[in-house]
Amino acid sequence: LGRFEEAGARYRQAISLEPGFAEAHNNLGITFQKMGKLSNAEASYRKAVALKPSYVDAHYNLGIMLQHLNKLDEAEASYRQVITLNPDYYEAHSNLGNTLRKLNRLDEAEISYEQAIIVKPDYAEAYNNVGNALKEQGKLDAAIESYENATAIRPDNAEVYYNMGLLFQEQGKLNEAIEAYNKALAIKPDYTEAARSLVELPIGTIDAKIILELNKQFSI
């Protein structure tokens with residue numbers, strides 16, 4: 001219901017009645033996270049996994065929080081613990097990939113994303129993430145293929161089309177880039193980044209009237 005202060009009070013009451021109630025600590029962490037109290041959320045998740053080391057979701061939540069706090073080495077350890085406890089936890093594989101990518105360990109990130117896809121073959125987000133990792137390694141054709149796999153699974157994913165546009169633009173394939181940016185905007189009309197990328201294409205690439213309209217709409 002979005003009444004986070006009340007929810008937090010109830011979870012704290014549960015903990016006062018039963019201090020070892022790991023699920024209450026985890027749920028309090030989620031509540032703190034929703035309220036933007038990230039350090040408090042981290043502390044609650046840590047308490048949950050200390051009380052119940054086999055608590056997979058609490059380890060995963062802790063990993064997400066550590067990732068948000070840019071404690072990447074610790075986030076990696078949390079995700080690896082999740083995977084140890086449940087090798088089929090595909091979100092943990094994907095988020096481990098995101099963490100490794102931030103650590104510039106791109107080969108390892110790619111492996112983690114691919115493991116997520118093995119577990120969940122229709123995981124469009126993982127294909128998108130693989131594409132990003134491949135792009136950063138300069139494997140542009142393979143990246144496009146991965147983005148195309150993502151859009152085949154989820155044709156309504158504006159972010160993937162935007163990423164495709166950036167890659168096509170980097171390759172100098174401006175017509176393909178325009179098509180990808182337009183698809184992103186068709187799905188998400190308020191996608192400022194896609195509009196800005198269109199506007200910033202070389203002069204003459206798109207009609208001046210379209211540029212004026214985008215400038216007006218997005219205040220670019």
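Start by selecting asparagine 70: at 56% relative accessibility, this residue counts as exposed (exposed is over 50% relative accessible area, buried is under 20%, and partly exposed is in between, using a 1.4 Å probe and protein chains only). Most residues other than glycine have a negative phi. Asparagine 70 sits in the loop between α4 and α5 (72–85).

Before moving on, a word about what is on your screen: this is a predicted model, where local features need pLDDT of at least 70 and side-chain atom pairs count only at pLDDT 80 or more, while totals for chains, interfaces and linings use all residues. Residues are numbered from 1 along each chain as its sequence is written, and side-chain values use heavy atoms, with hydrogens and water left out.

**Zoom out**

Now show the protein chain as a cartoon. How many helices and strands are there? You'll find 13 helices and zero strands (these are DSSP runs, H or I of at least four residues for helices and E of at least two for strands, numbered from the N terminus). The C-alpha atoms fill a box of roughly 70 × 35 × 25 Å along the principal axes. Of the 220 residues, 44% count as buried.

**Stop one: α4 and α6**

Select helix α4 (residues 56–68) together with α6; their axes come within 11 Å and cross at roughly 25°. Axes are lines fitted to C-alpha atoms, for helices over the stretch in contact, and angles run from 0 to 180 degrees between N-to-C directions. The two helices are therefore roughly parallel to each other (under 35 degrees is roughly parallel, over 145 roughly antiparallel, 65 to 115 roughly perpendicular, and the rest oblique). Show side chains for Tyr60, Ile64 and Gln67 of α4, then Glu91, Ala92, Asn95, Asn98, Thr99 and Lys102 of α6, and you have the contact (heavy atoms within 4.5 Å).

Stay on asparagine 98, in helix α6 (residues 90–102). Is this residue buried or exposed? Asparagine 98 is buried, with a relative accessible area of 16%. Setting aside neighbours within four places in sequence, asparagine 98 is in contact with Gln67, Tyr113 and Asn129.

Next, click asparagine 104, in the loop between α6 and α7 (106–119). Asparagine 104 has a positive phi of about 65° although it is not a glycine, and counts as exposed at 60% relative accessibility.

**Stop two: α8 and α9**

Select helix α8 (residues 124–136) and helix α9 (residues 140–153), which pack at about 165° with axes 8 Å apart. That makes α8 roughly antiparallel to α9. Among the residues making this contact are Tyr127, Asn128 and Leu134 of α8, and Leu140, Tyr147 and Ile153 of α9.

**Last stop: asparagine 163**

Finish in helix α10 (residues 158–171), where asparagine 163 lies. Asparagine 163 is buried, with a relative accessible area of 10%. Which residues does asparagine 163 contact, leaving aside neighbours within four places in sequence? Select Asn128, Asn132 and Tyr147 to see them.
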